[in-house]
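Please look over the sequence and the structure shown below before reading on. The report that follows takes up one part of the chain at a time.

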Amino acid sequence: MTTFSTVEVVRDNFVNKVQATGTLEPEELVDVGAQVTGEIKEFGVDLAGNRVDYGSEVKAGQLLARIDDTIVELDIKRAEASVAQAKAQILTAKANISQAEVNKKKADRDLERAKKLGVGDALSQMDYDQYLTQSENAAASLQSAQAQLANAEAQLQSANAMLESELRNRDYTRITTPVDGTIVVRQVNVGQTVVSNMSATTLFLVARDLSKMQIWASVNEADIAKVHAGQEVRYTVDALPNENFSGVVNKIRPNATMSSNVVTYIVEIDIENPDRKLLPYMSANANFIVKEVKDCLMVPEAAFDFRPSKEQIDPAFAGKIRRPGSAPREEADDEGSEQSRAPEMPADGEPAMVWKQQGDKVVPVRVLRGESDGTRSIVTVLPGDSLEAGDKLVTGVRTLSAAAMSKGGKQGGLFGMNGPKRRQRTAGGVEAKPGQNMNSRPGPPM
């Protein structure tokens, strides 16, 4: 008896895809840090009135935490004192200028009178030189007073700048969020000391909008040419295995990474998350849709490898077996007739033949074999042949004899064959030799 191993033709959607894995990331993540050193005194409250923590919703400008500002307040007082001192120095310099101007005017008048008298019996040369020196000293004192005023004004500017810096440091003790969003990471606790250095210390990470996220997927270099911006991506997450999601490729990052001699590229996929089901850093299994054909006939790959014998082919089709696209033998007598011409074939696909089971025989079906997903191929049935979803295609043959079938019915082997007879075992588990009586046990050793 001859039996066939078969597979079923299905009508389904064909999807050619590139598979990759990645993680869900917030579309925009804002780093909120500290620019002053101090102890965390308290946290702020979120929009719900609760203490700021992981998952808190916050608005731009809202207080997240406050650093102890005692030292900063003392620095502000010192800066304010420096400003006051610089202002006093300006007043002193202005008074000195006024005094120097008075002294210079007096010295100029005395010198003018000395010049009118001239050196003679009424005014000695020494007295004249003294008046001249006093005038020159008064001019120098005036210049010095003016320089002191300029120095005091510069000191005032420096003190004001220092005061503004300390006032800004006091503002820095209030850690606020620059954007609306959700707190993803909180890296400090109340009582913890924050040390500011060349780079601001990170205290919080705020995701701007978790309703819009991204998948950062690692794609092998062998598949990256099939990925492009705007491409549809279907993905699942381990936390929700029964739900399917979709997104769109944003861009391919050109900076590849290499691990164990494998080069991969990071592809950013934009996704929507309106109901906040998806959380940051979930694992995602992404499928980049390269090509999709809807509602097509698909045949398992094993059906293309079957080659029947002449006895297995239905006699009604024995004379019609031909290469796809060629003329039937029984119609090839008249080369000029319409029937002798090969039917018009679609341009896309590779000619192939599959065998459909019909009772205990097989009949040929000519098809064009299209794209494959590795397990099934798209097929287009050529004119004159018939293949529908649900048809059985033969992949192999198994032949059983009547004796094997009868024995198989009694002893139940998968192929109707008896298994090998087992030898009897002794009490000690040793197999009996042919002719040995297993019922008698050996006596104890003497």
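## A buried glutamine in a loop

Leaving out residues up to four places away in sequence, Q312 touches F306, K361, V362 and V397. The model is a predicted one, and in it Q312 sits in the loop between β16 (283–300) and α3 (315–318). Is Q312 buried or exposed? Its relative accessible area is 15%, and because buried means under 20%, Q312 counts as buried.

## The chain as a whole

The chain has four helices and 20 strands, and 33% of its 446 residues count as buried. Among the contacts between residues at least 6 apart in sequence, 71% join residues at least 24 apart. The accessible surface of the chain comes to about 27,300 Å², and 49% of this surface belongs to carbon and sulfur atoms.

Helix α1 covers residues 70–117, and at 1.5 Å a residue its 48 residues should span 70 Å, which agrees with the 71 Å between its end C-alpha atoms. After α1 comes G118, whose phi is positive, near 75 degrees. Helix α2 (residues 125–172) has 48 residues, and from its first C-alpha to its last it reaches 71 Å, close to the 70 Å expected at 1.5 Å a residue.

Against which helix do the buried residues of α2 pack? They pack against α1, and among these buried residues of α2 are Y128, L142, L149, L156 and L163. A salt bridge also joins the side chains of E73 and R170, with 3.3 Å from N to O; since E73 lies in helix α1 and R170 in helix α2, the pair ties together parts that are 97 residues apart in sequence. Both residues are partly exposed, with E73 at 26% relative accessibility and R170 at 31%.

## Salt bridges within the chain

A search of the whole structure finds 23 salt bridges. Side chains of opposite charge can pair when their charged atoms come close. K104 is partly exposed at 25% relative accessibility, and D108 is partly exposed at 30%.

Another salt bridge joins E232 and R234, whose closest N and O atoms are 3.0 Å apart. E232 counts as partly exposed at 36% relative accessibility, and R234 is likewise partly exposed, with a relative accessible area of 27%. These two residues belong to a network of salt bridges that links E232, R234, E292 and K294.

## Nonpolar cores

The largest nonpolar core has 22 residues, of which L24, Y235, I269 and F288 touch the most other members. The elements that give two or more residues to this core are β2 (10–26), β11 (212–220), β12 (232–237), β13 (240–252), β15 (262–272) and β16, and β11 gives the most, with four residues. Not counting residues up to four places away in sequence, the residues that I269 touches include M213, I215, V233, V249 and F288. A second, separate core has 19 residues, including F43, V58, V188 and V194.

K17 is found in strand β2 and, at 39% relative accessibility, counts as partly exposed. Although K17 and I289 are 272 residues apart in sequence, their C-alpha atoms are 4.6 Å apart in space. With its neighbours within four places in sequence left aside, K17 is in contact with N287, F288, I289 and V290.

Strands of a sheet pair through backbone hydrogen bonds, either parallel or antiparallel. Here four strands form an open sheet in the order β7-β6-β4-β9, and their pairing is antiparallel. Which strands stand at the edges of the sheet? They are β7 (174–176) and β9 (193–194), each of which has a single partner strand, so one side of each is left without a neighbour in the sheet. Strand β4 (residues 38–43) is joined to β9 by two bridges, and E39 stands opposite T193 in β9.

## Positive phi in two loops

N261, a residue other than glycine, has a positive phi near 65 degrees. N261 lies in the loop between β14 (257–259) and β15 and is exposed, at 69% relative accessibility. R276 also has a positive phi, near 60 degrees, and R276 lies in the loop between β15 and β16, where it is partly exposed with a relative accessible area of 36%.

How values were computed:
Residues numbered from 1 in each chain as written. Predicted model: local features only at pLDDT ≥ 70, side-chain atom pairs only at ≥ 80, totals over all residues. Heavy atoms only, no water. Buried < 20%, exposed > 50% of the residue type's maximum accessible area, 1.4 Å probe, protein only. Contact = heavy atoms within 4.5 Å. Expected span 1.5 Å × (residues − 1). Core = buried A, V, L, I, M, F, W, Y, C linked by side-chain atoms within 4.5 Å. Pairing = 2+ DSSP bridges. Areas by Shrake-Rupley, 256 points an atom, 1.4 Å probe, with all protein chains shown as cover. Salt bridge = Lys/Arg side-chain N within 4 Å of Asp/Glu carboxyl O.
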